[in-house]
Amino acid sequence: MNGGISMSIPQHAFFSIFSGKALLFLGAGFSKGAKSLSLDGQQLTDFPGGQELAADLMKDLGESETESLDRCAEFYEYKTSRAQLLSTLTKRLDVKLVADFQKNILSCPWNRIYTTNYDNIISNSKSLPKKLRNIGLKDKIPHYTNSTIECLYINGYLDMTSPQESTITITREDYASTDNEQRKDIIRMFRTDVSMVEYVFFLGYSIYDIEVAQILQEDTSVKKKIFFIVGHNINVINEATISKYGTVVKITCEEFSYLLTNARNEYSLIPPVYEKVFPSLHKYEILNTNNQTTSAARHDPVSYMLKN
């Protein structure tokens with residue numbers, strides 16, 4: 001792999017991942033490489049991106065024309081029903097095989113994971129270092145606990161066992177709705193997390209959601225700690241747009257996984273650092289109680305302690 005590519009991401013940024021001080025944000029591009037069933041359920045096939053999924057929805061209706069995913073999903077719902085839309089999406093987005101590079105990336109001790117995807121690739125990877133807690137559009141956001149790793153689904157996630165119970169944002173009408181307070185809460189938490197962590201890694205994401213772009217625009221100081229893993233085929237328009245929010249790294253998710261493995265090996269050689277712990281504060285009293293000494297100590301205690 002080109003050494004210049006790896007230099008785009010400094011070593012300490014990788015090390016922040018292994019110390020639990022980095023966020024992972026997954027877009028649709030991350031799921032490419034996984035496998036799911038075709039719509040007819042007859043064969044294992046490549047996991048669809050947004051455009052492929054939109055085409056699948058239209059094909060299921062017997063239509064050859066296609067548009068953006070939100071518009072195709074809305075048209076599909078109009079022609080059938082919400083329940084049928086959720087059922088069809090579930091068939092196509094139920095991950096049956098997770099790629100090794102995806103498992104490797106998800107095995108890192110991320111501070112939190114955010115995603116705009118609807119699929120179950122994170123749950124099915126079986127590689128997370130802690131118990132997974134999924135948080136969607138109808139789940140209460142819990143208090144932070146070090147025993148779990150939380151994945152927050154900004155647009156909700158599909159319930160693969162009971163599709164009709166799913167709550168997701170996918171149609172234009174869904175995105176335009178102002179009723180979903182849970183989605184707003186997840187966005188607010190993302191805003192806080194971005195400001196608190198050391199680094200943020202976006203994998204396979206192209207700033208599609210306006211709310212995410214707004215958060216990254218609000219505080220331009222976070223730009224220096226944000227990396228976008230975008231692959232080799234990004235066009236100049238998208239690259240220019242994304243570069244406003246962080247560093248664009250033209251490598252695939254699989255190549256990023258390779259760099260992660262190398263950095264993990266280097267990190268394992270670092271001796272552990274034990275922080276000093278002060279279990280209590282002790283009260284100190286001035287033993288000499290003559291008025292002159294007490295007065296000096298009272299008015300300039302620091303100088304008094306240094307002299308005595």
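Reply: I122 is found in helix α8. The model is a predicted one, and in it I122 has a relative accessible area of 3%, so this residue counts as buried. Not counting residues up to four places away in sequence, I122 touches L26, L106, I113, L128, L132, C151 and Y153. I122 and S31 lie 91 residues apart in sequence, yet their C-alpha atoms are 9.4 Å apart in space.

V95 belongs to β4 and stands opposite S36. Strand β2 (residues 35-37) pairs with β4 over two bridges, in the antiparallel sense. The open sheet has three strands in the order β3-β2-β4, with antiparallel pairing. Its edge strands, each pairing on one side only, are β3 (44-46) and β4 (95-97). From one strand to the next the twist averages 55°. Helix α6 (residues 82-93) packs on this sheet and touches β2, β3 and β4; the direction of α6 makes about 135° with that of β2.

In helix α4 (residues 50-60), the residues L53, A54, D56, L57 and M58 are buried. The cover over the buried residues of α4 includes α5 (69-79) and α6. Just after α4, G62 takes a positive phi of about 85°. In α5 the buried residues are D70, C72, A73 and Y76. Seen down the axis of α5, these fall within an arc of 165°, so they line one face of the helix. The buried residues of α5 pack against α4, α6 and α9 (172-176). Y78 and K79 are exposed and sit on the face of α5 turned away from its buried side.

The contact with L26 leads in another direction. Strand β1 (residues 22-26) runs parallel to β8, and five bridges join the two. All five residues of strand β8 (residues 199-203) are buried, so the strand is largely enclosed by the rest of the structure. From β8, Y199, F201 and L203 point one way, while V200 and F202 point the other way. In a regular strand the side chains alternate between the two faces of the sheet. Strand β8 also pairs with strand β9 (residues 226-229), again in the parallel sense, over four bridges. Here F201 has F227 in β9 as its bridge partner.

F201 and F227 also belong to a cluster held together by ring pairs, whose members are F14, W110, Y199, F201, F227 and F256. Several of these names return in the largest nonpolar core. Of its 52 residues, I17, I105, W110, F201, L203 and F256 touch the most other members. For I17, the contacts are A22, C108, P109, W110, F201, F256 and L260, residues up to four places away in sequence not being counted. Apart from this core lies another, of 29 residues, including I154, M189, V212 and V248. In soluble globular proteins, nonpolar side chains tend to be buried together.

The count of aromatic pairs comes to 16. One of them is formed by F18 and Y267: the pair is tilted, with 5.5 Å centre to centre and 40° between the planes. This pair links distant parts of the chain, since F18 is in helix α2 (residues 11-18) and Y267 in helix α13 (residues 253-267), 249 residues apart. F18 has 11% relative accessibility and therefore counts as buried, whereas Y267, with a relative accessible area of 28%, is partly exposed.

Terms used: Residues numbered from 1 in each chain as written. Predicted model: local features only at pLDDT ≥ 70, side-chain atom pairs only at ≥ 80, totals over all residues. Heavy atoms only, no water. Pairing = 2+ DSSP bridges. Axes fitted to C-alpha atoms, helices over the stretch in contact; angles between N-to-C directions. Contact = heavy atoms within 4.5 Å. Buried < 20%, exposed > 50% of the residue type's maximum accessible area, 1.4 Å probe, protein only. Arc of directions from axis to C-beta. Phe/Tyr/Trp six-rings, centres within 6.5 Å; stacked < 30°, edge-to-face > 60°. Core = buried A, V, L, I, M, F, W, Y, C linked by side-chain atoms within 4.5 Å.
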